[in-house]
Structure formats: structure tokens, C-alpha cells
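Please consult the sequence and the structure as displayed here.

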Amino acid sequence: MSQKVLLLPGDYIGQEIVPEAEKVLARICELYDLDITTESALIGGSAYDAEGYPLPASTLEKARAADAILLGAVGGPAYDNVERDLRPEKGLLRIRSELGLFGNLRPAIMYPQLVDASSLKPELVAGLDILIVRELTGGIYFGQPRGIRELDNGEREGFNTYVYSESEIRRIAKLAFELAGKRGGRVCSVDKANVLEATVLWREVVTELAESYPDIELEHMYVDNAAMQLVRAPKQFDVIVTGNMFGDILSDAAAMLTGSIGMLPSASLNESGQGIYEPCHGSAPDIAGQGKANPLATILSVAMMLRYSLGSPAAADSIEIAVGQVLDKGLRTPDIAGAGEAVVTTNEMGDAVVAAL
Ligand code: ATP
Ligand code: MG
């Protein structure tokens, strides 16, 4: 039976990078004889323009029926004045919650060819390959009660609730252990158990689950130390698993270790293994329509999609190898080019990956 991939280009450079990734997917299907069909739908600002809503019912319906979703990016200045509930970003938040995507995977890989583009010392990041597994549907970003309330003395107070149930902790930790088993075999669980009771439970549940994974080495770290270690000696990590807020912060920090935002893929998975795959960057309105966007983050997201939702790890490896070869040849979009280096367009970069495949 054929597998279904839904393409959601979205806005601005989303509409330039997704077609490049689509070319790569088509080629990999030929090479590996994969029976994958694709269709496209609207999300974000382009959906708002066409239908007055950032996540049309038809898009959600197609998303539910798909095995995997490849998304570009949403939002941009054209939608700054749109009513809050109809903003492009709402479409993305809504589709994530409708599909129950609790597990956010963000690899931070430093391609040796791009070490010069990193903001850190080459010896710190060369060969960096870590995976941050962030819980995406719980924790303080969703906990109730929340709000701003007035106190008896007339002063206002803002409040949120940091809450995780045992089952929420267990499913994200399980995902991290399983992934670590296919990588370096080490998990670092990040919490703040010296201060936050919610994370005392987090630590307990993760420790308990580790007994079912005797081959995985588990370590616990407080988030402040983890932030420090990530900058001081990032290569000590293999898989980092953490809650929503800590994961948000640490994954952005890890991303900056690797140089360009144009190189970073991501996956968000639900319990049935269905997922949304997208670059970590936004819609980059400043460079849209100029052929300057780096399509590699989206192309690498296709690799993640083949590995985690479509059951074709060998095809995923091929795409990652092809990206490495294209970088070896010196092809660079402006975001990863050094001073005076020649650059290629979005389109040329996509074609080069197809040719390398
Ligand atoms: P969001 O809020 O959606 O994360 P943002 O405004 O924080 O968006 P981006 O849209 O990711 O950030 O853009 C940040 C900078 O990175 C911009 O200068 C943009 O041009 C650049 N950038 C982002 N993605 C790419 C890409 N694929 N190729 C080249 N440059 C990119
Ligand atoms: Mg941003």
C-alpha cells in the first residue's frame, strides 16, 4: 500500500524550499522503489489569504490521512495586522495539537565542511552530533491554571503552572531511549529537580523507565548546568531529553553551535509515529523570492521523515550523504558561504542534491 506525504509549503521561503525537498523525495522514491504519493495543501498566511483561516478544515483532514507531513514555514509581515486568532502561527500550533505531536526531535549536527561558519571554536563543534528530544504538548506552556490576576492589594500577578503527569513523562522518555538505542546509546535527562517538584517526578519516572533499557546509559543534569555544558563541551551529549520550556531554550542554543539556521531539520511525532517534518527556521521574509534560501534544512527534514515515519532509514542515510557531498563540492547558499565564496541559488542547491543522489 502506498504511503502518503502531505506537503504544506506555507509562506515566503516555504514556497521555495518545499519544492526543492519535493524533488529530492521524488528522486529517492525512484532510487529505492518507494511507493509514496504526495499532495499539497494550504497552511498559514497563504491559507488565510485563500480561505480566511490559517488551518482550513480540508488541510487538517488531509493531514490526518497522511503518514507524514512536510512543512515549509508560516508567517511574515503581510500578516502582522491579522486578528490574533487567525495569525499564520495559529495554524501551525493548531495542527500540532490536533495531531498530538508530543515529541519534538531537533538534531544539532555540525557538518565539518561548515566549521568555519560556526560561532564557536572549531575544536568545540567539529563532529558535533546531538539530538534534543523536547516534550511539546505539556509542561508550563500548557499547564492550568495560568493568567494574570489582581491581588487583594490591587497589584497584578502573572502565573503559570509547571505540570507533567507520569504518562506524559514516560512517553517522551521512552522516545528518547528508543532513539538513543539507534545512536550513541546515551541519554541525558535535563530537569531542575533541586527546585521544581514537577521535575522531581520527572527524574523519578525517567530513572524507573531506564531499567527497561539496560543498554542505555542515563545521566541527569540540572538545566542551568546543561546550558553551561552545551556551550563549554557540547560533544559530551548524545540524546538530551527534557520538558517543553527547557527544550525550547536548549534546542535554540544547540542550534547556534552548528552555524547556519538554514541547515537544521526537525521532526514532531505523535504516538502512532505520524509526524510533521520542518526546518527549524522561519519564513525568512527578508530573502523571500530571491533564490537565496538554503533548502538543505528542509531536504534534511525529508531524511528524518523517511527514517522516523516512513520506515526507510537507508533512503534517509542516502539523502544525508548526498547533502554532505554537495557541501564537499563547495556548493554554498549565501547563509553558509564564507567571505568571497561563490554562491548558488535555492534551485541549484536542490538540483545538486538530486544529482548527488
Ligand atoms: P520565526 O519567528 O518563524 O522563527 P524568525 O523571524 O525568528 O522566524 P527566520 O524567519 O528563521 O526567523 O529568519 C531569521 C534569519 O535567518 C533571517 O535573516 C533569514 O533570512 C535567515 N534565514 C532563515 N531561514 C533561512 C534559510 N533557509 N536560508 C537562508 N537564510 C535563512
Ligand atoms: Mg524565531
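## Basis and overall dimensions

This is a predicted model, in which local features need pLDDT of at least 70 and side-chain atom pairs count only at pLDDT 80 or more, while totals for chains, interfaces and linings use all residues. Residues are numbered from 1 along each chain as its sequence is written, and chains are lettered from A and ligands numbered from 1 in the order in which they are written.

The chain contains twelve helices and twelve strands; these are DSSP runs numbered from the N terminus, helices being H or I of at least four residues and strands E of at least two. The radius of gyration is 20 Å, close to the 21 Å that the globule rule gives for 357 residues, so the chain is as compact as a globular protein of that length. That radius is taken over C-alpha atoms, and the globule rule is 2.2 Å times the number of residues to the power 0.38. Along its principal axes, the C-alpha trace spans about 60 × 50 × 50 Å.

Helices α1 and α12 (residues 346-356) pack at about 15 degrees with axes 9 Å apart. Axes are lines fitted to C-alpha atoms, for helices over the stretch in contact, and angles run from 0 to 180 degrees between N-to-C directions. The two helices are therefore roughly parallel to each other; angles under 35 degrees count as roughly parallel, over 145 as roughly antiparallel, 65 to 115 as roughly perpendicular and the rest as oblique. Their crossing is right-handed, the near helix being turned clockwise from the far one by less than a right angle (anticlockwise for left-handed). Contributors to the contact include Glu16, Glu20, Lys23 and Arg27 of α1 and Met349, Val353 and Val354 of α12, where contact requires C-beta atoms, placed from the backbone, within 7 Å. By class, this contact has five nonpolar, three polar and four charged residues. Ala, Val, Leu, Ile, Met, Phe, Trp, Tyr, Cys and Pro count as nonpolar, Asp, Glu, Lys and Arg as charged, and the others, Gly among them, as polar.

Helix α1 (residues 14-32) also packs against α11 (residues 313-328), at an angle of about 125 degrees and with axes 11 Å apart. That angle makes α1 oblique to α11. Val24, Ile28 and Tyr32 of α1 meet Ala314, Ala315, Ser318 and Ile319 of α11. Six of these residues are nonpolar, one is polar and none is charged.

## Packing of α10 with α11

Helix α10 (residues 296-308) packs on α11 at about 160 degrees, with axes 7 Å apart; the pair is therefore roughly antiparallel. The crossing is left-handed. The contact comprises twelve nonpolar, no polar and two charged residues.

Of the 14 residues around ligand 1, Gly262, His281, Gly282, Ala284 and Asn294 come nearest; a residue is near if its C-beta atom, placed from the backbone, lies within 6 Å. The shell divides into six nonpolar, six polar and two charged residues.

## Backbone features

Most residues other than glycine have a negative phi, and most peptide bonds are trans. Tyr12, although not a glycine, has a positive phi of about 45 degrees, and is found in the loop between β1 (3-10) and α1. A cis peptide bond joins Gln144 and Pro145, with omega about -5 degrees. Pro145 is found in the loop between β5 (129-135) and β6 (147-150).

Conventions. Two residues are in contact if their C-beta atoms, placed from the backbone, lie within 7 Å.
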